[in-house]
Amino acid sequence: MTETDAAHPASATGTPVLGNASGLFCRECGQTTELGPFYACTECFGPLEVSYDFPRLTRADIEAGPANIWRYAALLPVPADIASRPTTQPGYTKLIRADGLAAELGMRRLWIKDDSGNPTHSFKDRVVAVALAAATEMGFKVLACPSTGNLANAVAAAAARVGIRSVVMVPANLEGQKILTTAVYGGTFVTVDGTYDDVNRLASELAGEHDDWAFVNVNVRPYYAEGSKTLGFEIAEQLGWRLPDQIVVPIASGAQLVKIDKGFSELSSLGLVEDKPWKVFGAQATGCSPVSEAFARGWDVVRPVKPDTIAKSLAIGNPADGPYVLDVVRRTGGAVADVSDAEVTDSMRLLARAQGVFGETAGGVTVGVLRKLLASGQLDPEAETVIINSGDGLKTLDAVAPEVHVPSAIKPTVEAFTAAGYEG
Ligand SMILES: Cc1ncc(COP(=O)(O)O)c(C=O)c1O
Ligand SMILES: [Zn+2]
């Protein structure tokens, strides 16, 4: 028995049973290993990824499942009975036909995958639910993370739901709403005087010392990241088991973008959708745009930056999946672009005004990049397009507060209403 096995009761008696997941493999050199709390290749330190033996699966099998991500349990590294266990039951969020925004932008068919409808109002509930399910099977007793905000919300809530301890760490300068919506769940909450990349480094050191703590995006990252495939699965199913032509995804670590593409590929290879080409586009804020820079310059590696943007949820200066984002985007014929903070707030307001969707700053980044790539001709206005709204505008109110007009009060009389010019 290895030291790691000794620390994890479930793996002490063998490898964990995680549905159809069959093992882990290195994304760089392909070396394989058994399922367990491993995240880096022992040969080359490359990131590990989950492999599967998928059964024959039909659309009807999936459609018979619950209205949350567990309808895709057969395609995730989770116990087969996960749907009957206590979880936050994220997913199956709305795919909104965005005719208002499409008209504004001169597009033919546009959809918004609105992940603000999740239990803690961002797509992070998906990845956390999968990480927690796998971590529990591996015997972990504490759920932890470094976070840019939304992940902290999701980890604190998921741990409270199952009654285990959470330890979440964030940069202290986050939006007040994200601080409060984490603190309310009552776990161990650490605010750190530093950037996300500082917090991430601290988490990696702590993960080395506390091997009974599951840091969702560090030592159980291979399982966590798989949760974002469900965005791809749902988009295809909600389009009537079809893949879109183009998709625009915000980038922080880059995992969401890479896994949406993987989700599309899996559905296609399982014969659940007709195979067709799709293009993946990535969105960053200019104040934290290392992947966009690498794309523009034709680099294969991503040069870390020090973030300075109002899009704090995307402020990861050294994105773990950056090189894999470049692979996906180049392979599919997409692009990565970035927009200024002024364009982010302007796009948040456009999304609200034209479509009735109030997204957080990450949504503003995505809509801003959508506009930019339409203007440059890199996105085709005639092609069916999906954009991801990954979080809720109520968590980043300060970003739009200076530009939203709030009227002064009138007396409760018709005269005052008329005098204020509200009749027309
Ligand atoms: C709202 C929101 N959108 C997108 C992302 C990007 O996710 P990823 O790190 O998988 O690229 C984040 C990450 O924190 C986020 O909070
Ligand atoms: Zn390797």
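**Ground rules**

I number residues from 1 along each chain as its sequence is written, with chains lettered from A and ligands numbered from 1 in the order in which they are written. Since the model is predicted, local features need pLDDT of at least 70, side-chain atom pairs count only at pLDDT 80 or more, and totals for chains, interfaces and linings use all residues, while side-chain values use heavy atoms, with hydrogens and water left out.

**Entry 1**

I started with helix pairs. Two packed helices are described by the angle between their axes and the distance between the axes. My helices (H or I, at least four residues) and strands (E, at least two) are DSSP runs, numbered from the N terminus. Axes are lines fitted to C-alpha atoms, for helices over the stretch in contact, and angles run from 0 to 180 degrees between N-to-C directions.

I looked up helix α5 (residues 124-137) and helix α6 (residues 150-162): their axes come within 9 Å and cross at roughly 45°. The two are therefore oblique to each other. For that word, angles under 35 degrees count as roughly parallel, over 145 as roughly antiparallel, 65 to 115 as roughly perpendicular and the rest as oblique. The crossing of α5 past α6 is right-handed, meaning that the near helix is turned clockwise from the far one by less than a right angle.

Then I listed who touches whom, with contact meaning heavy atoms within 4.5 Å. From α5 I noted Lys124, Asp125, Val128 and Leu132, and from α6 Asn150, Leu151, Ala154, Val155, Ala158 and Val162. Sorted by class, the contact of α5 with α6 has 7 nonpolar, 1 polar and 2 charged residues. My classes: Ala, Val, Leu, Ile, Met, Phe, Trp, Tyr, Cys and Pro are nonpolar, Asp, Glu, Lys and Arg are charged, and the others, Gly among them, are polar.

**Entry 1: α10 and α11**

Next pair. The axes of helix α10 (residues 229-238) and helix α11 (residues 255-269) come within 6 Å, crossing at roughly 50°. I wrote these down as oblique too, going by that angle. α10 passes α11 in a right-handed crossing. On the α10 side the contact includes Leu231, Phe233 and Ile235, and on the α11 side it includes Ile260, Phe264 and Leu267. The class count for α10 with α11 is 7 nonpolar, 3 polar and 4 charged.

**Entry 2: α14 and α15**

How do helix α14 (residues 341-355) and helix α15 (residues 361-375) cross? I found axes that come within 7 Å and cross at roughly 95°. That makes α14 roughly perpendicular to α15. Among the residues that meet are Val344, Met348 and Leu351 in α14, and Val365, Val367 and Arg371 in α15. By class, I have 6 nonpolar, 4 polar and 3 charged residues in this contact.

I also checked Ala352 in α14. It counts as partly exposed at 31% relative accessibility (buried is under 20% relative accessible area, exposed over 50%, partly exposed in between, with a 1.4 Å probe and protein chains only).

**Entry 3: cysteines**

How many disulfides are there? With a disulfide taken as a pair of cysteine sulfur atoms within 2.5 Å, I get 0. The cysteine sulfur closest to that of Cys145 is in Cys288, 18 Å away, too far for a bond. Cys145 is buried at 0% relative accessibility, and Cys26 is buried at 2%.

**Entry 4: positive phi**

Most residues other than glycine have a negative phi, so I looked for exceptions. His121, not a glycine, has a positive phi of about 70°. His121 sits in the loop between β5 (110-114) and α5 and is partly exposed, at 37%. Trp241 has a phi near 55°. Trp241 lies in the loop between α10 and β10 (246-250) and is buried at 7%.

In helix α13 (residues 322-332), buried residues include Tyr324, Val325 and Leu326. The buried residues of α13 pack against α11, β11 (279-285), α12 (290-297) and β12 (336-339).

Last, Thr385 is in strand β13 (residues 385-389) and is buried at 0%. Beyond its neighbours within four places in sequence, Thr385 is in contact with residues including Met107, Trp111 and Gln246.
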